[in-house]
Amino acid sequence: MAKGIDIGTMNIICSEKEDGDIVFTQERNAFLELESSDLTKTMLDSAQVLYVERDNVVYVLGEDAFKFATIFGKTARRPMKSGIISPSEKDAIPTIKLILERVVGEPRYRNEVLCISSPADPIDTNMNALYHKKMMEALARKMAYKTHVIDEGLGVVYSELSEYNFTGLGISIGAGLTNVTLAYLATPVMSFSIGRGGDWIDEQVSITTGLSKEYVCAEKERGFKIGLEVEYGSADGALSIYYDALMTYIIKNINRKLAEITPPKVEFPVALAGGSSLPAGFSEMFEQKLREAKLQIDISNIKRAKEPMYSVAKGCLIAARAQEGEEIWHEEGTEEIV
């Protein structure tokens with residue numbers, strides 16, 4: 001009954017409905033290249049590690065790539081950078097294909113809809129998302145799915161703002177990009193992305209503290225809390241400073257884009273999502289900054305998604321089920337299934 005998938009820089013997450021509940025399947029969007037040998041493959045098999053072999057090279061995929069990178073003293077590679085396919089990774093598309101096949105699986109029936117998230121075009125970098133979007137569509141079609149694509153920010157609106165008739169501001173702060181969509185009655189009024197997210201924070205903290213990006217990322221995911229008072233020279237202190245800078249930058253660009261449109265005269269709720277919104281204190285600081293910014297729209301309430309990591313994937317599932325419902329209605333005269 002349809003599936004949704006969030007193809008992110010850091011994670012690939014699939015959502016589907018089973019026995020009335022939404023179930024998520026997640027895998028890190030990463031790989032590690034190892035020289036193939038019988039010993040290596042025996043070790044990987046015994047540890048039940050996800051890998052493939054091609055041209056006498058073993059590619060360890062997903063979460064296991066990070067684990068084995070530590071063991072072998074290597075760096076896990078990522079097929080995506082800044083929210084789109086990495087142009088510097090020749091194995092990017094084959095790797096994403098393998099992870100997609102693992103996470104999504106085969107269609108359960110003919111013309112099953114798979115809705116894919118895609119970043120909107122960034123407004124602060126010389127890059128567009130068209131190639132990435134078309135490649136992801138092509139991969140899904142090769143898996144025999146009927147594909148549908150929505151912007152990441154709209155996925156947050158679908159997932160978190162149903163009680164407001166899918167009207168509001170959806171913000172997804174991911175690893176590579178931050179995506180923003182302003183929607184009115186499920187229709188995008190404004191959609192864009194900016195080239196900063198969790199990776200930007202890690203890079204800046206690494207530069208200023210001399211700590212490795214891997215260490216900074218691990219520290220961030222280990223229960224870091226954003227603080228108003230920071231201990232200078234520490235990883236936590238630098239993380240708080242650059243989270244503050246990221247929020248300021250996001251809000252500045254939201255106001256910049258709002259000045260270019262004429263939105264409806266209604267109050268808009270705001271939904272925050274994405275893995276980079278997870279630290280404790282994030283939503284409180286963001287709300288304070290948003291209220292102080294005096295946006296060119298009226299804001300009602302501001303909330304963070306209950307499950308920020310899964311919000312976009314859930315929104316894609318809602319869109320996929322709506323797509324199938326419309327088709328069933330037209331073709332068979334049955335009721336919509338959303």
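Glu 152, Gly 153, Leu 154, Gly 155, Val 156, Val 157, Tyr 158, Ser 159 and Glu 160 are the buried residues of α5. Helix α5 spans residues 152-160 and is mostly covered, 9 of its 9 residues being buried. Helices (H or I, at least four residues) and strands (E, at least two) are DSSP runs, numbered from the N terminus. The model is predicted, with local features requiring pLDDT of at least 70 and side-chain atom pairs counting only at pLDDT 80 or more, whereas totals for chains, interfaces and linings use all residues. Residues are numbered from 1 along each chain as its sequence is written, and side-chain values use heavy atoms, with hydrogens and water left out.

His 148 belongs to strand β10 (residues 146-151) and is partly exposed, its relative accessible area being 23%. Apart from neighbours within four places in sequence, His 148 has contacts with Val 113, Leu 114, Cys 115, Ile 116, Ala 319 and Gln 323, a contact being defined by heavy atoms within 4.5 Å. Between His 148 and Ser 191 there are 43 residues of sequence separation and a C-alpha to C-alpha distance of 17 Å. Val 57, in strand β6 (residues 57-61), counts as buried at 17% relative accessibility. When residues up to four places away in sequence are not counted, Val 57 touches Glu 33, Leu 34, Ser 36 and Val 52. Val 57 and Gly 153 are 96 residues apart along the chain, and 38 Å separates their C-alpha atoms.

Positive phi values were found at two loop residues. Asp 19, in the loop between β2 and β3, has a phi near 55 degrees, a positive value in a residue other than glycine. Asp 19 counts as exposed because its relative accessibility is 82%. Lys 294, likewise not a glycine, has a positive phi of about 55 degrees. The loop between α9 (282-293) and β15 (298-304) holds Lys 294, which is exposed with a relative accessible area of 70%.

The packing of two helices was then considered. The axes of α7 (residues 213-221) and α8 (residues 235-258) come within 10 Å and cross at roughly 80 degrees. Helix α7 is therefore roughly perpendicular to α8. Axes are lines fitted to C-alpha atoms, for helices over the stretch in contact, with angles running from 0 to 180 degrees between N-to-C directions. Angles under 35 degrees count as roughly parallel, over 145 as roughly antiparallel, 65 to 115 as roughly perpendicular and the rest as oblique. On the α7 side, Tyr 215, Val 216, Glu 219 and Lys 220 meet Ala 235, Asp 236, Leu 239 and Tyr 243 of α8. By class, the residues of this contact comprise 5 nonpolar, no polar and 3 charged. The nonpolar class consists of Ala, Val, Leu, Ile, Met, Phe, Trp, Tyr, Cys and Pro, the charged class of Asp, Glu, Lys and Arg, and the polar class of the others, Gly among them.

Grid points are joined across faces, edges and corners, and a volume is the space filled by probe spheres set on the points. The largest pocket holds about 890 Å³ of space. Its lining numbers 35 residues, of which Met 10, Arg 78, Asp 199, Lys 213 and Glu 214 are the closest to the centre. Helix α7 gives the most to this lining, with 5 residues. The lining of the largest pocket divides into 11 nonpolar, 10 polar and 14 charged residues.

The second largest pocket has a volume of about 580 Å³. Of its 38 lining residues, Met 10, Asn 11, Gly 275, Ser 276 and Met 309 are the closest to the centre. The lining of the second largest pocket has 16 nonpolar, 14 polar and 8 charged residues.

The largest cavity contains about 30 Å³ of space. Ile 5, Ile 7, Leu 100, Val 104, Leu 114, Ile 116, Ala 140 and Met 143 form its lining, which divides into 8 nonpolar, no polar and no charged residues.

Key: Buried means under 20% relative accessible area, exposed over 50%, partly exposed in between (1.4 Å probe, protein chains only). On a 1 Å grid over the protein atoms alone, a cavity is a set of points where a 1.4 Å probe fits but cannot get out, and a pocket is an open set with protein on both sides within 12 Å along at least five of seven lines; lining residues have an atom within 4 Å of a point.
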